Amino acid sequence: MDSNESTKKWSKVLDLIKSEVSTPNYRTWFSKTHLLNEEENLLTIGVPSRFIQEQLTKKYSGVISSAVEKIYPHKPEVTFKVSISEIETEDENLIELDLVKHSNTPPPQGLNVKYSLENFVVGLSNNLAYAAAQAVIANPGISYNPLFIYGGTGVGKTHLMHGVGQALLKKNPYLKIIYCSSEKFMNDFIESLQTKKMGEFRSRYRSCDLLLIDDIQFISGRDSTQEEFFHTFNDLQSKNSQVILTSDRPPGEIQKLESRLASRFQGGLMVDIQLPDFDTRVAILKARCLERGDNIPEECLTLIAQETETNARELEGKLLQIIQSIKLLGKELNMENIRSYLGKPTLNTSGKIDSRKVLTFINQYFNLKMVDLTGPKRKKELVLPRQLAMFLLYQECNLPYEKIGEMLGGRDHTTIMHGVEKIHEVSQRDREVQRLLIELKSGLTN
Ligand code: ADP
Ligand code: MG
């Protein structure tokens, strides 16, 4: 079989997997895999990092083999190999060191190897920014210059920016990159004025191929720094050197920003990163646990994601706090201990409410039959009662998702998870749903 055909077959496998896993998970774990080699009984799949290789082997081997079996009926085995584009290596870090060693430029100051694109979880809240980053990597200096990434604190702006830097450095180890905060740019500028080394300052900042300035909003009100930056920017742009900027707000909202600078910033591509949605929060927590080697049941991670509607940084902080506190007490990282850490009723104190009572009660309330709730029909009027049932069984009876899925006619645990989350989210803003929940809960405990 020619390699083109083999590649096509692997992309068919990927299409099947795409329909099985959530979009953020697909993007994070599968989108960068490619077929390296096909033998009679063995497919070798290239993956961009060891981290992804581990995740695929540990968590997705079932999904992968069932998709492979559909496309390759003789059921070949699948093995993964870390491979960065054409260069194959067992160890990503080695390759980086090697490239740096051979290049005549020193390694870029300040780029954090931990912030790579491989461990950047992509979800609804940041997929636009991620796509823009990929476009810049494909055509630096040409498509989108500058790339302006904005969003609240802790949402991954710095991480994404470092990721782009590293990806471009991998493509071209000779690339000259400068990464700094806008304060560092300002301090360098002031110092070069005082020490009369303006020439040196200019040749440094204007000779790079990629300029990454973090938190550009702090340039606000600094007139001479803004002026200098304007010229630096123009010079780089005229040479097709890529500029990437991050900010906590869009250029138009930065106070005391010269309008000519604001319009330059708006002249490229502006993308925002939002607070992570539920799926992305779960994926970030999973990725962190995997990196740290902590084995926490998925259900616990979804509980933490549900209880922590915040940015990635705080989410990680919360996870660490939970892990450390529970470990300090010498306890196991399980659902019960995490629930009680989060101040949720533990399994022992609740379970008072009989799960069958929940279902009967919901049926009475909405005038439905049990088959309506458990059956496959997707009628609109059944969706809310079903999701309320999921929510109450989870919150009030503390049943695990799998068990709730069984009770509701063999539904998948991810369906339950989304149902619970949906009600959780809607109940924050919809008074009608709030009222329903209060009525149902009080009916149940009476
Ligand atoms: P910002 O610059 O927007 O304030 P950072 O880039 O410093 O945020 O991110 C804060 C922390 O959250 C970092 O540890 C970063 O690795 C992590 N983080 C943020 N977004 C993601 C993501 N999408 N995937 C994985 N980790 C993330
Ligand atoms: Mg930052």
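## The shell around ligand 1

Of the 18 residues around ligand 1, those that come nearest are Val121, Gly154, Lys157, Thr158 and His159; a residue is near a molecule if one of its heavy atoms lies within 4 Å of it. This is a predicted model, in which local features need pLDDT of at least 70 and side-chain atom pairs count only at pLDDT 80 or more, while totals for chains, interfaces and linings use all residues. Residues are numbered from 1 along each chain as its sequence is written, chains are lettered from A and ligands numbered from 1 in the order in which they are written, and side-chain values use heavy atoms, leaving out hydrogens and water.

The shell is made up of six nonpolar, eight polar and four charged residues. Here Ala, Val, Leu, Ile, Met, Phe, Trp, Tyr, Cys and Pro count as nonpolar, Asp, Glu, Lys and Arg as charged, and the others, Gly among them, as polar. At least two residues of the shell come from each of helix 7 (157–171), helix 12 (278–292) and helix 14 (312–328). Helices (H or I, at least four residues) and strands (E, at least two) are DSSP runs, numbered from the N terminus.

## Polar contacts and cover

A polar contact is a pair of N or O atoms within 3.5 Å. A backbone N or O atom of Gly154 is 2.6 Å from an oxygen atom of ligand 1. A nitrogen atom of ligand 1 lies 2.8 Å from a backbone N or O atom of Val121, and a polar side-chain atom of Asn126 lies 3.3 Å from a nitrogen atom of the ligand. On its own, ligand 1 has 560 Å² of accessible area, and the protein covers 93% of it (Shrake-Rupley method, 1.4 Å probe).

## Helix 21

Helix 21 covers residues 431–445. Its buried residues (under 20% relative accessible area) are Val433, Leu436, Leu437, Leu440, Gly443 and Leu444. Seen down the helix axis, these buried residues fall within an arc of 135 degrees, so they line one face of helix 21; the arc is that of the directions from the axis to the C-beta atoms. The face turned away from the buried side carries Arg431, Ile438 and Thr445, which are exposed (over 50%).

## Backbone features in loops

The peptide bond from Asn145 to Pro146 is cis, with omega near 0 degrees. Pro146 sits in the loop between helix 6 (127–138) and strand 5 (147–150).

Lys256 is not a glycine, yet has a positive phi of about 50 degrees. Lys256 lies in the loop between strand 8 and helix 11 (259–266) and is exposed, with a relative accessible area of 66%.

Definitions and conventions
A polar contact is a pair of N or O atoms within 3.5 Å; within protein, one must be able to donate a hydrogen and the other to accept it, and residues adjacent in sequence count only if both atoms are side-chain atoms. The expected span of a helix is 1.5 Å times one less than its number of residues. Buried means under 20% relative accessible area, exposed over 50%, partly exposed in between (1.4 Å probe, protein chains only).
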